[in-house]
Amino acid sequence: MHTFQIVASNPEYNRILVAGMKSAIETRGGVCYTWFVEDERFDDIELHPGVDCILSVGGDGTLIAVSQHTVDSGIPLLGINRGHLGYLCDLDEDTVYDAIPQLLEGMPDTESRMMLEGYVLRSNGSRTDTIKALNDIVVSSLNGLQVLGLSVYVGDEFLYSFHGDGMIFASPTGSTAYNLSANGPIVDPKTDVILMTPINPHTLTSRSIVIDRRDEVAIEISPRRSGESAAVSFDGGKSLTLLPNDRVIVHRAAQRVNMIRLSKMSFLERIRSKMVSE
């Protein structure tokens with residue numbers, strides 16, 4: 001017997017689908033708990049003991065937020081897309097019912113995904129709590145018209161400085177998100193690297209750089225002016241204000257997200273079907 005927990009965003013929109021999934025699982029002898037995320041409060045998620053698989057119902061954003069707040073459990077995730085693109089989700093409302101018998105027969109293989117984590121080292125020596133991200137950690141201006149002065153370090157070594165709108169630190173999973181929009185490289189999500197992609201750099205020489213997974217990277221806000229100047233966001237959610245001379249430190253997280261893959265679609269096929277056709 002397998003035990004599932006469905007975690008769904010947008011309760012009013014997803015309630016009927018969740019009820020149908022729960023009924024289909026229990027009719028076939030499985031155990032199923034449900035958790036609806038109210039007001040985007042993913043940090044309130046509580047997992048029942050003995051859960052074998054978390055079924056995330058929503059879009060890619062829901063799957064990312066669920067992964068952030070359940071990764072310490074080690075329980076594998078399966079995404080059911082109810083959003084637009086659904087690049088990270090393996091199923092949708094038309095295919096999930098056909099997949100339930102397969103899940104109950106035996107838990108499929110999982111695909112291990114690297115996560116990032118980061119924190120802010122303040123200019124006065126204090127530091128914030130560490131926050132995890134599945135897709136990316138992004139430093140950007142609080143004012144869209146304000147150009148930032150940024151200095152980049154890898155380990156203890158200075159790399160370069162530039163002026164621009166910010167910097168994206170992306171995981172392989174996040175290479176097809178904001179990183180892609182900023183002309184960063186696409187990499188296989190099963191790899192372990194850190195991607196650094198400048199956002200609208202005011203130079204002809206700034207390019208994306210692929211960093212080894214064991215390296216720690218940092219970016220420092222130059223003291224161009226007093227007061228608030230920038231912010232760092234984690235997977236587009238949690239955001240922290242940055243002041244001049246603050247540093248954002250980013251490295252690979254110790255925990256990994258295990259994604260269940262039922263689809264036989266390869267990485268390249270997924271790119272073609274989800275992106276080339278857009």
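What percentage of the 278 residues in the protein is buried? Buried residues, defined as those under 20% relative accessible area, with exposed meaning over 50% and partly exposed in between (1.4 Å probe, protein chains only), account for 53% of the 278 residues. The structure is a predicted model, in which local features need pLDDT of at least 70, side-chain atom pairs count only at pLDDT 80 or more, and totals for chains, interfaces and linings use all residues. Residues are numbered from 1 along each chain as its sequence is written, and side-chain values use heavy atoms, with hydrogens and water left out.

The protein contains five helices and 17 strands, where helices (H or I, at least four residues) and strands (E, at least two) are DSSP runs numbered from the N terminus. The radius of gyration is 20 Å, close to the 19 Å that the globule rule gives for 278 residues, so the protein is as compact as a globular protein of that length. This radius is taken over C-alpha atoms, and the globule rule is 2.2 Å times the number of residues to the power 0.38. Along the principal axes, the C-alpha atoms fill a box of roughly 65 × 35 × 35 Å.

Contact means heavy atoms within 4.5 Å. Of the contacts between residues at least 6 apart in sequence, 67% join residues at least 24 apart. The accessible surface comes to about 13000 Å², and carbon and sulfur atoms contribute 47% of it; accessible areas come from the Shrake-Rupley method with a 1.4 Å probe, and for residues only the protein chains shown count as cover. The protein has 24 positive and 36 negative charges, whose mean positions are 3 Å apart. Lys and Arg count as positive and Asp and Glu as negative, without His and the chain ends, and each charge is placed at NZ of Lys, CZ of Arg, CG of Asp or CD of Glu.

Helix α2 (residues 60-70) is largely enclosed by the rest of the structure, because nine of its 11 residues are buried. The buried residues of α2 are Asp-60, Thr-62, Leu-63, Ile-64, Ala-65, Val-66, Ser-67, Gln-68 and Thr-70.

Thr-197 is located in strand β12 (residues 193-199) and is buried, at 1% relative accessibility. Its side chain makes a polar contact with the side chain of Ser-208 (2.9 Å). A polar contact is a pair of N or O atoms within 3.5 Å; within protein, one must be able to donate a hydrogen and the other to accept it, and residues adjacent in sequence count only if both atoms are side-chain atoms. Beyond its neighbours within four places in sequence, Thr-197 is in contact with residues including Met-167, Ile-168 and Asn-179.

The loop between α4 and β12 holds Asp-192, whose side chain forms a polar contact with the side chain of Arg-256 (2.8 Å). Not counting residues up to four places away in sequence, Asp-192 touches Met-114, Pro-172, Arg-213, Arg-252 and Arg-256. Asn-183 also lies between α4 (178-181) and β12; it is exposed, at 71% relative accessibility, and has a positive phi near 70 degrees although it is a residue other than glycine.

Asp-39, likewise not a glycine, has a positive phi of about 55 degrees. Asp-39 lies in the loop between β2 (31-36) and β3 (53-58) and is exposed, with a relative accessible area of 68%. Ser-266, in the loop between β17 (247-260) and α5 (267-276), is partly exposed at 34% relative accessibility.
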